[in-house]
Number of protein chains: 2
Amino acid sequence: MPKSRRNDKAAAAPEGALTMADLARLAGVSKITVSRALSENGIVAAGTRDKVRALAAEHGYKLNVSARNLRLRQSHTIAVIVEMKPSVNRPMSDPYPLELLGGIAQELATANYSVLLTTRPGALAPAVQAADAVILLGQGARQQAVHLFDRLRLPMVVWGAPGADEAHVVVGSDNRQGGASAAERFVALGRHHPVFLGDTDHAEMAERHAGFVKHLKTHGIAPIIIDHKAFTAESGFEAVAGLLRKKTRFDAVFAINDLLAMGAVRALIEAGLRVPEDVTVIGYDDTPLGAAFIPPLTSVHQNWHEGGVLLARKALALFRGEKVTSETLPSRLVVRTT
Amino acid sequence: MPKSRRNDKAAAAPEGALTMADLARLAGVSKITVSRALSENGIVAAGTRDKVRALAAEHGYKLNVSARNLRLRQSHTIAVIVEMKPSVNRPMSDPYPLELLGGIAQELATANYSVLLTTRPGALAPAVQAADAVILLGQGARQQAVHLFDRLRLPMVVWGAPGADEAHVVVGSDNRQGGASAAERFVALGRHHPVFLGDTDHAEMAERHAGFVKHLKTHGIAPIIIDHKAFTAESGFEAVAGLLRKKTRFDAVFAINDLLAMGAVRALIEAGLRVPEDVTVIGYDDTPLGAAFIPPLTSVHQNWHEGGVLLARKALALFRGEKVTSETLPSRLVVRTT
DNA sequence: CGGTATCTTGATATCGATAACATTCGATGT
DNA sequence: ACATCGAATGTTATCGATATCAAGATACCG
């Protein structure tokens with residue numbers, strides 16, 4: 001069946017490829033009238049508009065996007081650059097980028113925009129450069145981000161921690177508050193020897209750390225900090241096992257990641273301790289896995305979907321030349337068993 | 001700064017928007033020569049080509065994709081329709097769609113194609129309809145898929161199980177073989193009372209089930225089948241706990257998913273059984289989580305990245321009118337502790 | 001009934017790149 | 001020396017939609 005496809009094109013225009021000119025002929029009006037009738041804000045007599053729209057629907061008319069974009073000198077496209085390979089920093093095991101993408105796609109679809117997906121190496125493709133704006137996911141707001149921005153010269157919005165780098169519009173979760181909410185719970189539970197588990201170099205994690213430490217300080221508590229580069233359950237296990245071996249005294253663990261938290265819980269249970277009675281544990285990201293974990297993990301939830309929606313809106317606003325500011329989404333502690 | 005953006009456009013073309021005509025003037029040749037010089041297979045004198053290319057690079061010339069696509073009557077775009085919301089069948093906790101997407105994006109980028117990402121509701125957007133082909137992810141090869149195909153009238157490739165529905169080109173993992181490889185290992189380990197844990201209604205899972213059962217049968221073994229709709233660790237835990245309560249005799253568990261497998265392992269360990277000595281467990285998908293689990297999970301690995309690459313290639317081939325067939329990727333058992 | 005305001009529609013030019021056909025020029029053969 | 005061939009480049013037309021400016025139709029006013 002597909003064999004003749006190529007020829008179909010060259011031979012007969014029909015092929016279902018109706019143009020505005022065709023519609024115009026059918027309706028007995030001019031091209032431009034069809035254009036106006038089909039557009040949202042075109043000024044046409046109600047009767048004409050209805051007739052044209054009916055015809056368009058009947059014949060399955062499809063707008064030629066390239067032609068419109070060429071004429072309007074814009075692409076109606078937002079490029080999303082995602083880091084899709086797993087790495088030390090991003091175990092990929094979480095749904096994070098997908099949920100963000102879902103939010104972005106949904107929001108842009110309602111605005112009649114398209115999502116052009118690329119990985120970093122593909123960012124120099126002409127189609128990307130023609131985008132109306134760029135959204136950056138999973139790059140960590142600094143380094144390469146700036147670089148790409150310079151090269152592309154496009155309005156850009158970044159997901160991450162609104163760090164010192166205020167050159168970009170950044171959307172991200174309130175990691176500081178997330179850290180604080182964990183601290184808050186520990187205080188409420190009367191824990192006095194909390195442990196922080198995670199990489200304090202990473203921008204977003206550093207925020208969680210800062211919020212955590214600060215809140216504890218107001219209660220006169222200084223946590224034990226375990227600066228851990230890896231993000232796996234195994235490393236969480238090891239870290240806590242190490243503490244236990246050294247007979248360090250602690251009664252609470254805040255991990256910057258559900259995986260680490262799960263490893264920590266395992267280590268505690270294997271050592272014969274009770275969770276949460278002896279040691280209470282809080283993770284981060286509120287992954288489905290943490291929720292399905294046994295015992296179900298208490299974790300800080302980030303609203304990724306909404307984050308995606310926000311990224312999309314800001315990208316569009318930026319393109320339109322509106323004033324756009326960075327924004328931080330609230331995170332909230334989801335209390336389960338641990 | 002962005003305030004004047006709109007006017008910039010209307011006012012001065014400069015704005016970095018160099019066209020072929022501009023380049024032609026600079027190089028002292030005609031537009032078409034520039035076009036040929038910049039294209040891969042244009043016939044131009046080597047000297048001219050180099051001069052033009054140098055100029056293009058120097059001035060940062062960017063091809064206007066809309067114009068090219070309009071003229072060539074194709075979009076150089078493949079639409080990827082993904083189900084991005086979590087569901088009973090797809091816990092989203094696995095990297096599955098992202099890795100596929102990564103493979104697709106990479107392959108299409110090298111072919112100078114763009115990836116247009118949409119969710120199902122966005123599939124009727126003009127930009128999607130203009131795509132050269134469509135790739136469907138996470139829809140389960142039947143139902144809606146056909147529907148969309150009819151509506152869109154586009155070459156289409158689907159990720160999933162090459163079921164009875166041979167109307168489409170389907171790329172997927174060899175789930176039957178995956179199931180068989182689990183059975184094979186159980187046999188090799190001398191286990192005689194294996195359990196199958198998973199939803200046999202779901203197309204892909206049904207394949208795993210079939211392969212598993214069939215291979216066991218050749219060794220005269222009939223597994224216990226637990227037809228389980230949920231895909232969470234908790235439900236895996238419950239299922240195995242139930243078996244233990246009923247004092248069912250079993251020495252091996254094959255779960256169609258790492259989460260279920262992890263739950264199963266937990267149930268076994270909590271019941272005082274040793275894994276893998278008393279009961280050996282095999283999961284599916286080889287997720288980073290399973291690998292980081294304690295004990296590290298033995299699991300069937302699917303090559304998603306390659307799957308993405310294949311989907312992309314087939315989509316392109318289909319568009320070009322070449323003959324394209326469904327294809328099944330081998331899966332392999334990754335043996336770890338369990 | 002003339003004249004102006006309003007509404008609706010149309011003719012033309014244009015966005016930027018490329019295919020198809022035309023042309024120029026030097027080289028080669030006899 | 002002339003005809004012919006082929007490489008290199010140019011001219012023109014075109015893809016489909018829309019902004020701009022102009023014109024026709026209708027209504028309303030005094």
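This is a short walk through a predicted model, one selection at a time.

Before you start, residues are numbered from 1 along each chain as its sequence is written, while chains are lettered from A and ligands numbered from 1 in the order in which they are written. Because the model is predicted, local features need pLDDT of at least 70 and side-chain atom pairs count only at pLDDT 80 or more, whereas totals for chains, interfaces and linings use all residues; side-chain values use heavy atoms, with hydrogens and water left out.

**Stop 1: the sheet in chain A**

Helices (H or I, at least four residues) and strands (E, at least two) are DSSP runs, numbered from the N terminus, and two strands pair if DSSP finds at least two bridges between them.

Pick A:Ser299 and you will find A:Val334 of S12(A) opposite.

**Stop 2**

Axes are lines fitted to C-alpha atoms, for helices over the stretch in contact, and angles run from 0 to 180 degrees between N-to-C directions.

At what angle do H9(A) and H10(A) pack? The angle is about 35°, and the axes are 6 Å apart. Among the residues that meet there are A:Ala183 and A:Phe186 in H9(A), and A:Phe212 and A:Leu216 in H10(A). The residues of this contact divide into eight nonpolar, four polar and five charged. Here Ala, Val, Leu, Ile, Met, Phe, Trp, Tyr, Cys and Pro count as nonpolar, Asp, Glu, Lys and Arg as charged, and the others, Gly among them, as polar.

**Stop 3: a strand residue and a helix in chain B**

Move to chain B and select B:Ile135, in strand S3 (residues 133-137). Is B:Ile135 buried or exposed? At 0% relative accessibility, B:Ile135 counts as buried (under 20% relative accessible area; exposed is over 50%, partly exposed in between, with a 1.4 Å probe and protein chains only). Leaving aside residues up to four places away in sequence, B:Ile135 touches several others, including B:Ile78, B:Val157, B:Leu311 and B:Ala315.

Then highlight helix H14 (residues 304-319) of chain B. H14(B) is mostly covered, with 13 of its 16 residues buried. Just after H14(B), B:Gly321 takes a positive phi of about 85°.

**Stop 4: backbone details**

Finish in the loops. In chain A, a cis peptide bond with omega of about 10° joins A:Val275 and A:Pro276, and A:Pro276 is in the loop between H12 (258-270) and S9. In chain B, a cis peptide bond joins B:Val275 and B:Pro276, with omega of about 10°.

Which residue lies in the loop between H5 (65-72) and S1 (77-82) of chain A? A:Arg73 is there, with a positive phi near 55°, and at 56% relative accessibility A:Arg73 counts as exposed.

How values were computed:
The expected span of a helix is 1.5 Å times one less than its number of residues. Contact means heavy atoms within 4.5 Å.
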